[in-house]
Every structure is written in structure tokens, then in C-alpha cells.
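Here are a few notes to read alongside the model, written as numbered points.

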Amino acid sequence: MKMADYFLKDIKKVETTMIFKFSNFNYTIIKTLLLLITILSIGINSQAQSIKGLVVDEDNNPLEFASIALLQQKDSLLIKYTTTGADGRFELSDFKENTYLFQVFLMTYQANQRVLKVTNTPINLGTIKLDKEVNNLNEVVVNAIVPIKIKQDTVAFNAKAFKVRQDDNVEDLIKKLLGVQIGTDGSVTAQGQEITKILVDGKEFFNNDPTIALKNLTADAIKSVQIIDEESDDARTTGIKDGEKTKIINLVLEDGKKTGYFGKMGVGIGTNDRYTTNFDINRFTKNSQLALFGNLNNINNTGAAVFSRDGSRGDNSGFLTTGTAGANYNYEFKKDLNFNLDYHFGHSDREQEENSNRTEFTSETSFTTENENTSENISDNHNVNFSVRDRSKKDAYLEFRGNFKNDTRSSSNTSSTVFFDETKIEDTNSNRSTSSDDIRNSGKLNFSYRKKINEKGRNIRLRSGISFSDNDDVNYQNSTTKYNVSDITSYSESDETTERKERNKGLNYDVSFRYMEPIIEHHLISFSTSYENNTSDESLDQTKTINTIAQNPFIYQLDYANQIFENQLGYVYSKDKIQVYLSGSFETMKQKLDIDSNSNINKKYDHFLPSTTVNYEYKKGKNLRFRYNKSTSLPSSSQISPILNDFNPLSISVGNPNLTPEESDNLNLRLYSHNFKSTASFFSYLNYSKTTNAIVTNRSVDENYVSSRSYENYGDKSNFRGMVHFGNKIKGLPIRYTFRVSSSINDYTTIIDGAYNKTNTNSNSFGLSLSNDVKNNIDITIGANYDFDKTTYSLQDRNRDYFKQNYYSKFDWDITNSINFNTQFDYSLYTDNNFDSQTVPIWNVAVEYAFLKGKRGNLKFQVLDILDKNIEIDRVSSDNYFEETFKKSLGTYAMLSFTYSMKPPTGKESKRDSGESRRHRH
């Protein structure tokens, strides 16, 4: 039985020709999209209701970016939202007939709120005048939840305007916010850009690891979610804009959670001996934050939620048992002077069974391999991070960060590989077992200081860092290889046993200084100098026995070092909407390699490196950036080391001491646009890089299938990457969509048996998701992803076409305030001109019941992988092979779990209708 059949014997084949017929493919897409749109529209009365008007100030000037919201009257949950345009006008549409709260809000102005009864007849509210906000005791006080506030570079969402359940975490909350998406890989995208970090009350949380904040903080602890376009540290300190902004999220806690404790704890037990347990406890005061979390499970969960409502599968391959625990502590000495410390322990034990088929070619022929592999990898790691950030002094910023890691690993692996020649006759087979015990330690310290010297813009910046690594690895391998098994006259065997003890120690440090001097208004010159030093020491003691004959021990000491000096002169133009940066650098690189105290390499290289950046923010939420720079890259120590590595007798590698640095020209173009009125987001980028004097792989395969690898400088290689991401609401329908398309093209050369093989890889990806616009009681998401990969080789006619289709859906329904039903379905179809087509359908279902006082208890029953089809398929191609791998996973199991939420000892239960007090005139 073939290995693919071993894992997928109950999955029917899908004919490749039917998948690649363009007409049938388009027809399938059209039918699918029409069906999905119909499902999303069921039960939604999207008649011709509309509300429009004009918002002006006291002098009748139109007001832009005023928030226009339609809220449910009973609980102030958000139904529809828009903002006014540059002309002050707005329009809301696509909602049911009902009586609503209608609200107009703009920072520094008094809120305007009224009750509106909406029927089929369009409503024109005419001109709405907003008065400046003043403290007037005679004003009428009303309860008004302002769902969304726009201020400068911040969009703040009031958590009370979005329905969440008692046991929901932050991830469940933010995926309901307008313009925010969470990908199946856990990444967060807001207004088309990826979130780089998540803060809690403006303070770092577990070293800016977004996953921990999303999965462990409860949604009802959050008062508001702020989406911030954060300027760079340089710009915030000096006041000189550089166009370098990153998108971050700041979670503002409820007042009752700032001075008490809150959290949750849970336990679950399932079929097939599955279990899970988790807790998180948070204790906050006025000046400090303490957060603790932990979990233990054997359901392939690395520390996140037990059941992901967004349909994400995560890393489900193998059989994984994990235990994690962590603590995060923040202390604010005074305003803008913060200390952060976090510790994270992780234990993982992954058992893996996988089979793979590979087709590999040489300059004149080809061969195939079939491999069966079982492995177990156990890891215990400790991570400590700390930081001190001081922004308390005007025009100055000091930051000190540190990180230390300890990782102890042990692994064992058994593999069986069969080699078939071009006529499909078995030629060679190998049985190999390996094991390793590794201890790895690393750490780094970084310091930076920025200072604005005068009001004209003179400023300095000082940065330095030091890092170390210390790895102690012990590896064992035993292999038995049988050659020419189909030809008894030339048959031979080789039995090898190897013990390899390796110690690698590294020390790196760097320092840089920059000075900027204003010439005239908006024009500056910049001078910077930097020095970087990297050293590594490698010692090896290897013993080997071949066919019971002990070989001479292989012992050596390798010392490697490189230094980089750089002096840069630049020109800066910075104004409100446009920033230009031009510079030229003179770089000196030194590289040295000693083996057993004998000098093998001692070289020096000089380069001139120009750089250009132009940033244009032509309107709030709209930005265009162009960047060009020239860079160099030294060959690594392994690429230049003449030491032979033959630990794997079938794969041997050696470096080339004659290698010289690569040089690259890099271009980047980025366009970002977010329409606050329609909440439409557009984000795209184009990256192009061309490398000359490229370092390429030089490989050969002998008659016994022993692969040897080295490196050469040869020719050019290029890389192109582009992406377009667009999200908006479908006009006339209560549906939002997200569209994404990306493409990459890689051209590079390898040397195979002395012949030059030019490889071109073209990868294209397309994704579309649809979801309902209002997610208060029902949350539906459906979508599809398509991946096309084509690889061509100049050496042989071995072109590869790969196509993956993925369809997914999520349905989440609050049947009552206490009962929830949610389900996800994921269907993947793999098609390849070199392998059989495969399908993988995954279906999960869960029912939840909230009870106890304040709905603190949550009982959940779930069944995962109902169809028992959960297997991971990887298909890859390289410069001289393409391969298909099947990995076993958990399969079907059911689980019953209970979670208890803890409330602060002081503070009241949050109520949706409590609102927040604001003053305005009627």
C-alpha cells in the first residue's frame, strides 16, 4: 500500500483535470459566492431605510470625521456606523425598521443624541449643529455610550457598544470591531495593516506578545480598544516626523478592573484521554499590573484558547502535550516612567508520524524517494524579559531592555528511506535513527537614548546592544544503508554509528551615534556612525564507527569574527505631509576565520551604500511611501568554513573559503488608505530586490545517492513580492467583505553536478471572506483562499504546478443570553501535477451554557474533527526536488469543559444599559 493511501485510504480522489479546467473553476466560484451571499442575507430586512444629514459647527462650517452611530435603544449596542466626509455630510442605510438611538459625536464638541423611529421612509435630518464642549452645570445630563471616537492618530472603540459573552476573551471582542480581522494564523489586522504589538493601559504586556493578551484577558475587563498609528520613537522625541508609523492596539481597562483582581480558570476532559486545564489571574492597582497565566493540555494547544471561534486550525499536526505558565509585572514610578518584567515557562512534548514522497533530479537523470518517519521532541524553556522606559522628561527618551532564554531539548527520530531509480526500481534503502540532547542559553541587552537639544530640531541619538549565545549539543546517529539492492553483483552495505559533541558560543555587540542639525526650517542634515562586532567559537569532538571499524576522531576548534564599520551622511526634509530622507554610507567589513589557531580567512571589503525614503501622508488615513537602499551581506561562517559535516552519511556539506559578500538593490513601495466614512481599507505594497555576486548552492549526487553541498558566488538572483488587501461593505447589503491577493516571483540559480540550473518560482494567493455587518447575536463568516504555485527549472523538464483551495465557514449564534451554539467547517483541496489530488474536510461543533450568579460559570461541550479527517499535508518544491508530506494528527474527540470567571472584590457588574455619562444640550 502506498504511503499516501496509508493515511488517506478513506478519502476519494478528485480528478486533477476537472480542477484545472478554467471554465468549471469559474462556474464553481460564482455558484459558491452566490450561495454564501444568500445565506448571509437570510433573515435580514435590508429595505430602503436610510438616514442622512449634514453636521456643522457653531459657525456653520462642515465638520469632517464626526462619528455617526445608530444604537439599539435597550442596551446601546452598535447597529450602524459612519463618519462625515469633508463636506460634513453622512448617510446610514441597510438596517431594520425599529426605534433606535441616533448619535453624533466629535471630540471637543458636545454629543448630539436623539431617539429615532425608522420606517420604510428615508429620513433627512437636515443640518445638525454641534456646540463646543463646555462645563455648564445647567446642561442636561444624559446616558450616552459613544461607540467610536476618532482623535488624531487614534480610533477608540467603546467595548460596551459590542456584545460579548461572559467568558469571551479579548480576541472575541476585537474581531467584532469595524475594520479589524483576525487571521487563521492568529495575526491581527486593523484598517488593512498588521498589528505589531498590544498594550494594556499603555503598558507592555508579556513583551508585546499579542497572543497572550488576546487569549488570556477577558473581554468584560476592557473599557475601550484603541487602534493607534504610533509614530517612531525618534519622531515622538524630536518632533520631526519621519513617516515611520506602526499600527498598535491599546486595551483600556474598565475602572473597576484597574484596582482589583479578575481572571478565570477552567478544566476540561475529553474522549481518547484528552484533557485541558488553564487559568489566568490579573491583579491591578493604580501604579502596577500583575498578570499570571498557565495551562496544561494534550490537545495540540500551545497556550491559547481551547476552541477557536474563528475557525483557525493552528498547528494541529502530531500529538502535542504542552504546559505553560507565565507572569507579567508592570510598575509605573511616575507618569511615563515604567518598568516591565515578564517570565514565561514552556514545556512541550510532540510525537510525530509522517510519510513523504520526493522526486529529485540531477543534471542528467532523476530519482524518487519514499520516507517513513517517527519522532519525539521534548523541550523545556525559560524566558525572562524586562524593560525600563523613561519619557517623563520633555524632549528626551531613555529605554533599556533585556532578554534571557534557557532551552533544554531532547529528541529522537527514526526514519526509513527507499531510493528508486528513474525506472522505478528500488536501488538503495536506508534505516536511520538519531537522538540529541541540547542545552541552549542566550541573552541580550539593548540601550537607547534620544534627546532633542533645541526647539529648532537639533537632536542626538545613542544606541548600543550586546548579546550572547551558548549552545551545548550532543547528537547520536546510527544508520544502515544498503546499496544496489536490485543488483546482487554490486550489492553492498554500510553500517555507521556517530557521536557528535558540539559547543557553540557567540558574543555580539554594537554601538551607534547619530547627530541631526537643522539648516533652515524643515531642512536638516544628519551624520551617524556605527560599529558592530560579531564573534563565534565552535568546538567539535566527533567519533564514528563504520562497519565495526573505528575511524580517527574528528576534533577541531573554529573561531569566527566579523566587524562592520559604517559612516553615514544624510539630508532630511520634514513637513506635516511629506518627509524625504537621502543618505550615503561608506561601509567597511572585515571577516576572519581561524581553525585550530591557524588563520584561514582574513579579508576586508569596502562599499558605498545609498539610501532614499519619501513618505507622503496626503490626508488623514492615507499614506504613500517609497524606499530604496543598497545593502550587503557577508557569507555566514558555515558557508565559508572548510570543515566537512558528514553527520548524516547521505547528506554531506562543506563551506567555501573563497566566497565574497553579496550586494543587493532593494525597492519598496507602500500605499495605505482608510476611509473613516465607509470604513473601507486599502493596503498594498511592492517589494523588489536584485542581488549581484549571489551566493548559490553547489550540489552533487553520486551513484549511491549521497548528496554533497557547497557554495559559490555566481550571477544574480531576484525577488519580487506584492500584496493588495481591501475591505469594505457591500452596498445595499448588510455584508462586509475582505479581499486579499498576493504574488511573489523568485529567480535564482543553483549548480547541480557542475551544470547551472536556473529556477523560477511563481506563487500567487487569493482570498475572499464575507461576514455579516452586525454581530450582536449572530456572527457568520465564510470565505475561500486559493494558492497557485508554479516552479520551472532550466536544467530538466521537471516543471511543477501546485494548486490549493481552502473553503471555510463559521457560524456563532447566541440563542439566548445563556446559550450559545458555534460551529466551523474547513475544507482543503490539494492538486499537483506530480502527485494525486487530496481533500481534507474539518468540522467542529460546540455548545456553551453560561450560568451561576453574574453568569460567571460557563459549561462547554464540543466535538472536534467530527469527520475524522484531520491530517496535515505539506507540498514543497526546491531548486532540485518537489515533495509531498502527510502528517498524522489527533482525529475525532469530544470534550466537556467548565470555566469560572472571577470578578474584582470591588466594582459593580458591568451592564450594557449603564452607559457613560456625557453632557449635551437638547
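1. In the protein chain, residues 24 or more positions apart account for 66% of the contacts with a separation of 6 or more, a contact being heavy atoms within 4.5 Å. Please keep in mind that this is a predicted model, in which local features need pLDDT of at least 70 and side-chain atom pairs count only at pLDDT 80 or more, while totals for chains, interfaces and linings use all residues. Residues are numbered from 1 along each chain as its sequence is written, and side-chain values use heavy atoms, with hydrogens and water left out.

2. On the overall make-up, the protein chain has seven helices and 50 strands; these are DSSP runs numbered from the N terminus, with helices (H or I) of at least four residues and strands (E) of at least two. Of its 922 residues, 50% are buried, where buried means under 20% relative accessible area, exposed over 50% and partly exposed in between (1.4 Å probe, protein chains only).

3. Now to the rings. The structure holds 28 aromatic pairs; rings of Phe, Tyr and Trp (its six-membered ring) pair if their centres lie within 6.5 Å, and planes under 30 degrees apart count as stacked, over 60 as edge-to-face and the rest as tilted. The pair of Phe851 and Phe898 is tilted, because the planes stand at 45°, with ring centres 6.0 Å apart. This pair joins distant parts of the chain, with Phe851 in strand E45 (residues 835–851) and Phe898 in strand E49 (residues 893–902), 47 residues apart. Phe851 is partly exposed at 25% relative accessibility, and Phe898 is partly exposed at 28%.

4. A cluster is also worth a look: ring pairs link Phe739, Phe766, Tyr786, Phe788, Phe803 and Tyr807.

5. Two arginines have charged ends over rings. Arg358 sits over Tyr881, 3.8 Å from the ring centre, and Arg391 sits over Tyr397, 4.7 Å from the ring centre. The criterion is NZ of Lys or CZ of Arg within 6 Å of the ring centre and within 35 degrees of the ring normal.

6. Finally, Gln568 lies in strand E29 (residues 554–574) and is buried, with a relative accessible area of 18%. Leaving aside residues up to four places away in sequence, Gln568 touches Ser526, Phe527, Ser528, Tyr581, Ser583, Gly584 and Ser585. The C-alpha atoms of Gln568 and Ser528 are separated by 5.2 Å, although the two residues are 40 residues apart along the chain.
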